[in-house]
Every structure is written in structure tokens, then in C-alpha cells.
Amino acid sequence: MKKNMTRSLRLWVQNTLPMENLLPDSMPSYVDSYVYLFGILTVAALVWLIITGTVLAIFGPEWWHVSPVGHFFNSMHFWSVQAFFFFMVLHLWAQFMMAAWRGGRHWTWIGGWLLFLVSIVAGLTGYLSQNNFDSQWIGVQGKDAINSTGIGGFFNILNFGQMYGLHIFVLPMVIIVLLAIHLMLVRMHGVVEPLPNGKEEVDNGEKVAEQ
Amino acid sequence: MARKWRNNNADFPQKPYDLIREMLVALGIMGALVLVLAAVFSTPDVPALTAQQVARQDPKLLLQNALDDLSGQDAISTYGPPYNNSGTAQSIAGFSPAQIAGVQIPINSAKVNVLDPLNKVAKIDTSLQSPLQTWSKATVKQRSAWVNHIESALNHATLQHGVLVVPAASPDSYGPLPTMLNAYLGLARSGLLESAIDGGSGPMPATNRTESLLLLQDVPDAQYANQLDMSGNQWGIIKETGNYPGAVWLWFYTLLYQIPPFVNSSSADLEVVLTTGIVTILLVLTPFIPGLRSLPKVFGIYKLIWRRWYRTTTKKGRGHA
Ligand code: HEM
């Protein structure tokens, strides 16, 4: 029989990410710490980033310099960025401290790093889109580092139009796609189990990291 | 068909959990947090530094800037790629990605920052045409003699009703420069200098301000940034004006600039970027690097995170024994 790609995809999804794994209503009881909230708080900050950023984009890049309401939305966007990175970095360190890449979760870890790196570029393009002295200074200072790598001619941080386009569409889109994959991977693998405790009877010591 | 996907979460004792409720609560908390932070702290919004502002507050600085551009002594004229070939690109052991990429955004400071804008003014103010012609017909040697003379006279020059008056000198020792500089000052004061610069190239000057941003990038911007406590050795990039947090997550990258061997290197940018890149790759690949991936065991923070779980399992363990 000829291979049916649609059926293959369906079976693959059913097999790797059944609904009860995608949207479980229970968790292993070791999921019992505040550090598990860092990821979801990062998602929440991202949602607010997108909401406030959408408002800013709708009214255009002059608005937040001349309107108090615009300035307030700009402030909310700014503090969402700080919260986003704050919780993302906490999340990153927490995952490191739990060695959360174990059990085939290395792609979750690597994808997380991609999210962090793309977010940094998104943050940079945001700072450059401000149209005030911060963006001016960050542009003329930052250009030397970008130019030294040879990509300055293509990724020209003094080109407002280019930075603004990247910031309000391209990079958020990349982050959303990467995040969808990140969360899918988390649900596919399930929450990583605790490292063996020294006091436990079965302590497979160094083997742990190699799982 | 592939083997059944292994997700052994179900093998552990379970507790009820509501992910969607958790997400909604997180959204609410985060919204409130952001709202309060925005209301209490607001954000800085210091207007960009303009040529108009420099012309008003420190006209001689703007003129010095223009003279540097005219004589090729400005930082961009000796920058190298991507702007021109007259400087040395940063390199490590002969490896220079900037050199390989070459000149992508050609910039000739004298032309772009000074002469092109003045030529536009000359279309309106025709008396400027002949000084500009004198300049363009002069030899390089003649031009630098004019620049040197007026540069040394600039300290004693005065501004009378906005007009630069240089101390009288032997005839022609400044050439056409006094007229040109006064026109330049007028253009800057009118607020049109940046538009005149950017308007010279590209179809979208208003959205690509590369050239006008390079005008003040050296001394004027740095002086302004200094006043605002934002320069590099004050950890500039990671904070905003007025001591607001900036990109604090770049602390590692900015830290490298402050320490040897980077701090005194002429290729600091390239070295810092590459070092940060290598460290990043090591962290990304941690799961595969023996030693590095065992660090969590050494730090032992996980014992805190899962302490309640360990308490229950150790008890159970004893019970079985
Ligand atoms: C946009 C940024 C990010 C968001 C929104 C995000 C979100 C999440 C969420 C909601 C979870 C599940 C719950 C939790 O453990 O908190 C998770 C798990 C995970 N994240 Fe992220 N994350 C981001 C960036 C990162 C980064 C930078 C890393 C590390 C390099 C990372 C590594 C991981 C790992 C390894 C897991 C699996 C944890 C486990 O199985 O217990 N993530 N992420």
C-alpha cells in the first residue's frame, strides 16, 4: 500500500504526544518547588510583552514619545522585558541546577538556549527601535562589536527600519515558534525526574549524568 | 511505526495539577507586576542628541567635528570595513571576519557629513557655490593647510550673533573655510543637517539613518553619554539613561571588556565576541560535556529543590529494607 503521509503524521503525533501527555491533569509528586514556576512566569511575561508591543506597534514609533498613554505602554513593555529576562535567567539556572537535560531532554536544553539567544537579539533590536538617546548611544557603541564580526554590513544596527522590522515581526515570530517546540518537547518527555539523592539506596553516582 | 514514546512520568506517584489554571494565574500576577512597575518607575526617554543641540550648546565642537571630517581625522575615516578600507579591521592572529566581509556601507565622512549637505544649501544660497568650488579645486595639501590654520585659530575664535569670527590672519590662510563653516553651523542650527546627510543616499532616508548617526558618534555622543553616566567604563550598554536597568543579561559580555587581556586590546570587540561565543557554545552543549554536566551534582542545589521528595522516598526506602 502506498504510504499515506497524513496518516503517518497522525500516528506519529498520537504516539509521541498523546493528549493526556500534552494536557495532563496530574504531575509526578516530585514537581513540588517554586523553581517549576520560573518557566511559566517567563511565558506570562512574554504574553505581556506581545500584548504591550502590539499596542505600541499599532500606534507607530512616534506615539510613545509624545503621548502619556503611549509612554505608559512603553513603560509596561520595558518592565515586561525586564521580567521576561529575569525569570528566563532564573529558569535557565534552575534547569542547570537540576541537570534537566537528562533522559534525552538535551533538545529541550539546546532549544532553551536558542530562545535565550534569539531573545537577546530581540532585546537589542528593541533598544535600537526606541528613537531616543538610548538607541542612539547603543547603536553607535554596539556597531563596533557587530562590525568586528563582519556581519555589520548586513545586520546594520544603525538602520532603524531594519531593526524595527526585525523587532516587531521577525524575531517575535521566531521566539513563538521556538517556544512552541520547547513546550512540546517538555510535554513529550515529561518533567525530568529528580537526581538520585545521596541518601538513597540505589545511587548510580556518576552514571546519572550520562543517562 | 516508531516504538512507543517513553515518558515515564506516569511511573511516579501523582498529584493533581492544573496547568491551564497555573498559566492564567501567572498571567494575572505578571500583568499586575508589570502594571505596578510601569506606574511606579516609568521609563527613561532622553531625546536623541541632535546636531542642532550641539550647534546651540557647543558650536565649536560641531565645527571641530566638521573639520575632522574634512581632513579625514575623524574616527570613521580610519575605521576600516564595513565603511572603508583606510583603517585596520580587528583581527585575531591574522583572522579578520570584517576584512573578509569587506566594505558593505561605503562612507566618506568629508563628502557625506559636510560637503554633500553644503552643496544642497548652495542650491538655495548661491553665494556658497564659489567657496565650495574653491575647496573642491584645491589640492589635498592646500586643504589640510587651511584646516590646520583654522583649527589652531578655533580656540580664539568667537561667536558673534551666531556667526563664527576667527582671528584675522594673513589673507587666504583659512581659504573658503570660514564661509563653509558658517553655512554648516547655520544648517545645523536649523535642524536640517541630519536630513541633509541621510537624504543623500538610499530611497528611504527617514528609516535608515546610518550616515547621520555616524556624524556625532565619536566625541559629541561620548560627551553627552558621559554626562548621563552611560559610557562604556561605567558599564554603559547594560544600563539605560538615569540608572535604569538595561540589558543586564549581557553582564558576562560587558564584563570581559573591563578585564585583561581584552581591556587593552585593539581587537577587543572581536576577542570579546568570540570568547562569549565559545562560552555560550560550551553551555549549550553542556549535556554532552563530561565534567561540566556533573557540576549540578557538585553544587547540590538540587537537594534543596527536591528536598520534600527525597524526604518521602528515603523514608519509603528504609521501610522496604
Ligand atoms: C523564552 C524563554 C523560555 C520559556 C518561556 C520557557 C518555558 C518553559 C516552561 C513553561 C517549561 C516547563 C515548566 C518549567 O520547568 O518551568 C520549560 C522547561 C524547560 N526549559 Fe524552558 N523556557 C525558556 C527558556 C529556556 C532556557 C533559556 C533554558 C535553558 C537553557 C530552558 C531549558 C528548559 C528545560 C531543560 C526544561 C525541561 C525541564 C524539565 O523537564 O523539568 N528553557 N521551559
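Chain A splits into domain 1 (34-83) and domain 2 (99-193), with bounds from an automatic or database domain assignment. This is a predicted model: local features need pLDDT of at least 70 and side-chain atom pairs 80 or more, while totals for chains, interfaces and linings use all residues. Residues count from 1 along each chain as its sequence is written, chains are lettered from A and ligands numbered from 1 in the order written, and side-chain values use heavy atoms, without hydrogens and water.

User: How many residues does the contact between chain B and chain A take?
Analyst: 100 from chain B and 99 from chain A, where contact means heavy atoms within 4.5 Å.

User: And what area do they bury?
Analyst: About 9,100 Å², 65% of it on carbon and sulfur atoms. That's accessible area (1.4 Å probe) lost on putting the two parts together, summed over both.

User: Which side chains form the salt bridge there?
Analyst: Arg308(B) and Asp32(A), at 2.8 Å, N to O.

User: Which residues of domain 1 lose the most area to domain 2?
Analyst: In chain A, Leu46(A), Pro61(A) and His65(A), together 38% of what the domain 1 side buries.

Conventions: A salt bridge is a side-chain nitrogen of Lys or Arg within 4 Å of a carboxyl oxygen of Asp or Glu.
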